[in-house]
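Subject: Structure handover

Hello,

Here is the structure I said I would pass on. My notes on strands, helices and cavities follow below it.

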Amino acid sequence: MSSTFGSFNTVRLGIYAAQKGLDVTGNNITNINTAGYTRQRLDQVSLITSASDRYYSPYKTRVGQGVLTTGVSQLRDPGLDIAYRNASADVGAADAKLAGLEKLASILDEVGKGSLEQDDGVILSQLNDLRDLISQAIANGVGTYDSLIRTSASALATYFNSYADALSGKMEDYTQELDQQVTQVNDILTQIRDLNESIRNADLRGDPALELRDNRNLLLDELSGYMKIDVKYSMEDVGAGLMVEKMTVTLGTGGKDTLVDGKYATKLETGDATKGYLISLHPLQDKTGNKHPQAPNAPKQLDDNDLYGALQSTREMLTEAGEYTINGATNDPNAAVKRGIPYYQKALDSLAHEFAAAMNELNHIYDDKGNLLAGGNLFSMGSATNDASAITAANISISQAWAEDKVSLQASTKPDAPSGDTSNLSKFLALFDQKIKFDPDHVAGGDAVGEAYHGTFEDMLLHVQSVLAEDQMTTTALLTNYSATASEVYTDREGVMGVDLNDEATSLMTYQKAYTAACRLMTVLEEALDSLINGTVV
């Protein structure tokens with residue numbers, strides 16, 4: 001009789017397990033379109049009494065006593081999570097860099113070889129206009145064309161100024177973009193910290209908190225686009241022999257600095273331009289402001305090699321000067337081939353500086369002893385001065401003396417030369433086809449890492465554009481490859497954690513049949529007991 005009544009308990013447990021299986025399957029199906037949802041599975045173990053009772057007989061057969069549902073778990077592959085988040089960092093880095101390069105191209109396409117009506121670009125077109133006017137002055141006399149040449153030179157300087165302003169505007173835009181990204185990352189870190197604490201409290205209550213874990217995983221995926229991260233899980237002893245899960249997030253590059261440690265999280269802060277826009281990490285704190293027991297007292301500035309992802313690519317748009325980088329200014333071994341907005345600013349500065357220096361030098365006429373006989377600076381650092389010591393694209397202007405007709409274009413190197421002597425004008429004209437040295441040191445403000453470029457003014461413009469085009473092409477290829485890899489890993493991961501209707505339909509049929517069979521077994525047991533009790537002859 002005890003064995004028969006025990007079978008009722010076995011059936012009861014089977015019905016309960018089948019019902020819970022149907023509930024889990026239904027939950028999976030209804031969340032098929034929920035972002036970040038991880039497929040759930042009912043965990044079951046067979047129930048069997050291992051100990052022998054006092055009346056145990058070796059002639060009896062020991063049979064299991066049903067099934068126990070031990071909980072509901074998620075189907076995730078930690079290895080695929082790591083692979084996907086690493087791929088996400090790659091995509092984030094390349095995508096942010098390409099977006100910046102495309103914005104620069106929208107400016108620099110007009111500077112050099114452009115498109116549509118302005119095939120030569122604005123600055124190159126104006127250079128050609130200035131050369132044509134000098135050529136006409138040689139043929140027809142400088143007096144007629146001096147005013148036109150000055151107007152054309154002033155327009156050229158204005159174009160340099162406008163594009164320098166446009167690049168400065170991009171610096172401001174990217175400064176705000178970096179601040180916004182840092183704010184977003186801080187918000188993600190705060191949410192992960194708070195979810196860690198909520199999950200910890202749920203573990204203490206015996207609640208698996210699967211939905212909270214889904215939200216946390218979604219945030220980790222988002223964070224991995226901004227920076228490369230390592231996520232580790234460990235068990236924390238909270239006393240009385242109770243262990244709960246603890247999650248730690250560290251940077252996946254550089255010094256492995258900690259971003260989140262259980263219920264503690266750091267906060268990022270962006271330095272200004274004087275600090276190279278370096279990003280610093282504040283000491284770990286919990287939600288009430290208490291510091292981590294092992295946290296340092298002061299923020300730590302991250303090195304150039306500590307970050308990787310969209311956040312670093314955005315920062316590098318603000319910091320990287322490529323060949324114009326000063327030796328010793330950074331410990332990044334790849335600084336010479338990384339080019340952000342500062343590189344293109346320095347490249348335009350170099351063009352403006354060398355052009356003005358060459359034109360000014362030709363317009364100074366000296367005697368055999370080096371005394372100035374005639375002429376003066378044509379270009380200067382602003383319209384209210386004649387100083388040409390530090391000309392850049394932002395400040396280049398025709399000099400005050402030229403604007404006030406106190407200095408003019410010197411047609412000859414001889415003060416007493418006849419009016420038709422245009423030998424010096426011919427040197428001005430030849431200057432446009434002459435290969436000159438564009439030395440990075442002249443505009444970098446120190447010992448630059450790059451080699452000097454030799455070419456004409458037009459060559460320099462086209463060189464800057466070709467560098468931008470090559471960077472765009474390389475970054476586009478990287479982004480394509482990274483995106484393909486991320487897509488493959490995402491598909492593989494979804495194959496494990498995603499909800500598949502075919503699998504869930506199979507589970508529905510399996511649990512439904514198990515439920516029906518358990519109910520049928522209950523009926524059979526009832527009939528057997530009825531026969532046993534009511535069919536027994538007294």
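**Sheets and hairpins**

E4 and E5 form a hairpin with six residues between the two strands, and Gly254 in the turn has a positive phi of about 60 degrees. Helices (H or I, at least four residues) and strands (E, at least two) are DSSP runs, numbered from the N terminus. This is a predicted model, in which local features need pLDDT of at least 70 and side-chain atom pairs count only at pLDDT 80 or more, while totals for chains, interfaces and linings use all residues. Residues are numbered from 1 along each chain as its sequence is written, and side-chain values use heavy atoms, with hydrogens and water left out.

Two strands count as paired if DSSP finds at least two bridges between them.

Going through the sheet pair by pair:

- E3 pairs with strand E4 (residues 243-251) in the antiparallel sense over nine bridges. The bridge partner of Lys232 in E4 is Thr248.
- E4 is joined to strand E5 (residues 258-261) by three bridges, and the two run antiparallel. Here Thr248 stands opposite Asp261 in E5.
- E5 and E6 pair in the antiparallel sense over two bridges, with Val260 opposite Ala265 in E6. Their hairpin has two residues between the strands, and Gly262 takes a positive phi near 65 degrees.

A second open sheet has three strands in the order E7-E8-E9, again with antiparallel pairing. Strand E7 (268-270) and strand E9 (300-301) stand at the edges with a single partner strand each, so one side of each is left without a neighbour in the sheet. E7 pairs with strand E8 (residues 279-281) in the antiparallel sense over three bridges, and Leu268 stands opposite Leu281 in E8.

Strand E10 (residues 364-366) and strand E11 (residues 372-375) also pair in the antiparallel sense, over three bridges. Ile365 has Ala374 in E11 as its bridge partner. Five residues lie between the strands of this hairpin, in which Gly370 takes a positive phi near 85 degrees.

**Helix packing**

Axes are lines fitted to C-alpha atoms, for helices over the stretch in contact, and angles run from 0 to 180 degrees between N-to-C directions. Angles under 35 degrees count as roughly parallel, over 145 as roughly antiparallel, 65 to 115 as roughly perpendicular and the rest as oblique. Contact means heavy atoms within 4.5 Å.

Helix H7 (residues 341-362) packs with helix H11 (residues 457-497) at an angle of about 175 degrees, their axes 10 Å apart. H7 and H11 are therefore roughly antiparallel to each other. On the H7 side the contact includes Tyr343, Leu351 and Phe355, and on the H11 side it includes Met460, Val464 and Asp471. The residues of this contact divide into twelve nonpolar, two polar and two charged. In this classing Ala, Val, Leu, Ile, Met, Phe, Trp, Tyr, Cys and Pro count as nonpolar, Asp, Glu, Lys and Arg as charged, and the others, Gly among them, as polar.

The axes of H3 and H11 come within 11 Å and cross at roughly 175 degrees. H3 and H11 are therefore roughly antiparallel too. Ile123, Leu124 and Leu127 of H3 make the contact with Phe457, Glu458 and Leu461 of H11.

**Cavities**

A cavity is a set of points, on a 1 Å grid over the protein atoms alone, where a 1.4 Å probe fits but cannot get out; lining residues have an atom within 4 Å of a point. Grid points are joined across faces, edges and corners, and a volume is the space filled by probe spheres set on the points. The count comes to two cavities of 30 Å³ or more.

The largest cavity has a volume of about 80 Å³. Its lining is Lys97, Ser313, Glu316, Met317, Glu320, Lys338, Arg339 and Gly340. By class these are one nonpolar, two polar and five charged residues.

The second largest cavity has a volume of about 50 Å³. Its lining consists of Leu124, Leu127, Asn128, Arg131, Phe432, Phe457 and Glu458. H3 gives the largest share of that lining, four residues.

Regards

Methods: 1 Å grid on protein atoms, 1.4 Å probe; cavity = no way out; pocket = protein on both sides within 12 Å on 5 of 7 lines; lining within 4 Å.
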